[in-house]
Amino acid sequence: MPQQSLIACFKKIVGPRNVLTSERATAPYRKGFREGQGPALAVVKPTTLWQQWQLLEACVNANVIVVMQAANTGLTGGSTPTQGCDRNTVIINTTQINDIHVLDKEQQIVALPGASLFSLEKALAPYGRVPHSVIGSSCIGASIVGGICNNSGGALVERGPAYTELALYAQIDEAGSLRLVNELDIELGETVEEILTNLQNKTYSQDDIKTTEKLASDRDYADWVRKTTDDTPARFNADPRRLHQASGCAGKLAVFAVRVDTFLKNEQEHTFYVGTNSTQALQKVRTSLLEKATNLPVYAEYLHRDIFELADNYGRDTVLLIKHLGTNWLPKFFNVKRQLDALCRRIPFLKQGFIDKVVYRIAKLFPSQTPKTLHQWNDKFEHQLILTVKGDEKDVTELLLNEIKTEYDLDYFLCTEADAKSAYLLRFAAAGAAVQYAAINHKKVEDIVALDIALKRNDTDWFETLPEHLNSKLVSKLYYGHFLCHVFHQDYLVRSGEDPKKIKQALLALLEIRGAEYPAEHNVGHHYHAKPALADNYRMLDPTNTLNAGIGRMSKNRNYRES
């Protein structure tokens, strides 16, 4: 089908206002949150599930690549187009299809493709329940379906990766035919239009919702993570235990809806701020909590001294925004910033990182948003742990920490509510701080190598020590993560003039020696090579390579032909 005919077809389905084709209009959708960008023939924004199906049909008939996209908050470029494909690419952005259906007894919900974790938090609040993830991704507008497709992790110790076996999705078979698969275990009708329209309008009763043995979350994870002597990571993106249809599909299926569990909100929580200069002291905290605690902690977030300082300075804009305007403003802020970045790149006299510099300088007009107590702790201790436990675990946790204090150089204090909130805001700001630092200091920083890794559960030597020939090529190394799960985010600011690709390969080679898996809780995107089992899963789900072609550094050609 000629390009203009296809675009005319799109306009007929969704209306001209929902079809974007200009370089400027499509730029925020073609560029990833942290990395990745490529060309797109069009960005199309359906408002109904039936429109989404019709767009998919048109794309399949026209033999174009389809990238399914919601909030575009992925950190590895996995929801954006890529260069070098053998066909045109169309982005179907689903953010306008954002309904959430709270099912009977509020223990499960059905989320349509554009529904966000933040919206789900608000929808569940009246029932005293919470979603799978309540810090991090939820604050930047990430979608529920995106979390499932990417096996996204999160900060909550008990939850594990986002997972469900209950989904409604479209799949393209080996013959290139599009078919709808209803695994929601909800009776919605016979024809595609019936099923999608009934779901969109919630035209189904309690009797239509089947009692099912299928999982709507990873219910085994709380036991799995406790096995501290096992020689494998607790959770990682390519874990075959949790690759199932929509779960872990990374856009190789076009997902219309997922059915997932919700969780009872804790009535009371207490937060301890732990500091030490001994990696083995924190390791003792980890194994003791996992092996001895009756109830697992809620959060256990690790911060190294260097990321603390960087986040305090270069994440201050994010902290100020959340403190004074609330998390509901963050998705809007990042969206506007992406559009301004795209505009500034087209103006020759504006220097690289212009918007980041403006935002940074405005934020620097305000004092540090981190309490003095936390600053003092950071000066004193290289390694810090933000540890939150359920209300009835407070005394037991104090006893455990006091016991460890007698053996190791370690100290802690019980946070006030304000201290705890500030600590978690700082931890959340860490993810974007390195990006802003690199953009502002682009003359010093060649690029960022951002790794998301899962260490083996029995790896006691968890803190990385790099050889000097790698250290000398870096401006800084930044470590933070989900400590009890042994999942770490490691950002390396590469010194100007050095080769980020070679440094990345050297870092990954060291991780291979340690038996680590990567990525841990993001999808492979265009940042990592998909390992054989994961690549086989992608080929099985999408044998023609029509959806998200090139993911995991795989072939970008139809039927996975090599160039």
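Biologist: What makes the nonpolar surface patch, and how much area does the patch have?

Modeller: Five residues do: Phe354, Val358, Ile362, Leu365 and Phe366 form a nonpolar patch of about 480 Å². Bear in mind that this is a predicted model.

Biologist: Where is phenylalanine 366, then? And why is phenylalanine 366 called what it is called: buried, exposed or partly exposed?

Modeller: Phenylalanine 366 sits in the loop between α12 (354–363) and α13 (372–380). Its relative accessible area is 41%. Buried means under 20% and exposed means over 50%, with partly exposed in between, so phenylalanine 366 is partly exposed.

Biologist: Okay, another loop. How do you know whether histidine 526 is buried or exposed?

Modeller: Histidine 526 lies in the loop between α17 (500–514) and α18 (532–541). Its relative accessible area is 13%, and the buried label needs under 20%, so histidine 526 is buried. Leaving out residues up to four places away in sequence, histidine 526 touches Thr76, Gly77, Thr80, Thr82, Ala549, Gly550, Ile551 and Arg553.

Biologist: And alanine 438: why is that one called buried?

Modeller: Alanine 438 belongs to helix α15 (residues 417–440). With 12% relative accessibility against a cut-off of under 20%, alanine 438 counts as buried. Setting aside neighbours within four places in sequence, alanine 438 is in contact with Val445, Ile448 and Leu493. Also, the C-alpha atoms of alanine 438 and valine 494 are 9.2 Å apart, though 56 residues separate them along the chain.

Biologist: Now the cysteines. How many disulfides are there, and what is the reason cysteine 59 has no bond?

Modeller: The disulfide count is zero. A disulfide needs two cysteine sulfur atoms within 2.5 Å. For cysteine 59, the closest cysteine sulfur is in cysteine 9, at 8.5 Å, so that is too far for a bond.

Biologist: How far is cysteine 249 from the nearest cysteine sulfur?

Modeller: That sulfur belongs to cysteine 149 and is 3.6 Å away. The limit is 2.5 Å, and cysteine 249 is in no disulfide. As for burial, cysteine 59 has a relative accessible area of 0%, so cysteine 59 is buried. Cysteine 249 is at 0% as well, so cysteine 249 counts as buried.

Biologist: Last one: why is helix α10 called largely enclosed?

Modeller: Helix α10 (residues 316–325) has 10 residues and seven of them are buried, so the rest of the structure largely encloses α10. The buried ones are Arg316, Asp317, Thr318, Val319, Leu320, Leu321 and Ile322. After α10 comes glycine 326, with a positive phi near 95°.

How values were computed: Residues numbered from 1 in each chain as written. Predicted model: local features only at pLDDT ≥ 70, side-chain atom pairs only at ≥ 80, totals over all residues. Heavy atoms only, no water. Patch = residues over 30% accessible without salt bridge, like charges linked within 9 Å, V, L, I, M, F, W, Y side chains within 5 Å. Areas by Shrake-Rupley, 256 points an atom, 1.4 Å probe, with all protein chains shown as cover. Salt bridge = Lys/Arg side-chain N within 4 Å of Asp/Glu carboxyl O. Helix = DSSP H or I, 4+ residues; strand = E, 2+ residues; numbered from the N terminus. Buried < 20%, exposed > 50% of the residue type's maximum accessible area, 1.4 Å probe, protein only. Contact = heavy atoms within 4.5 Å.
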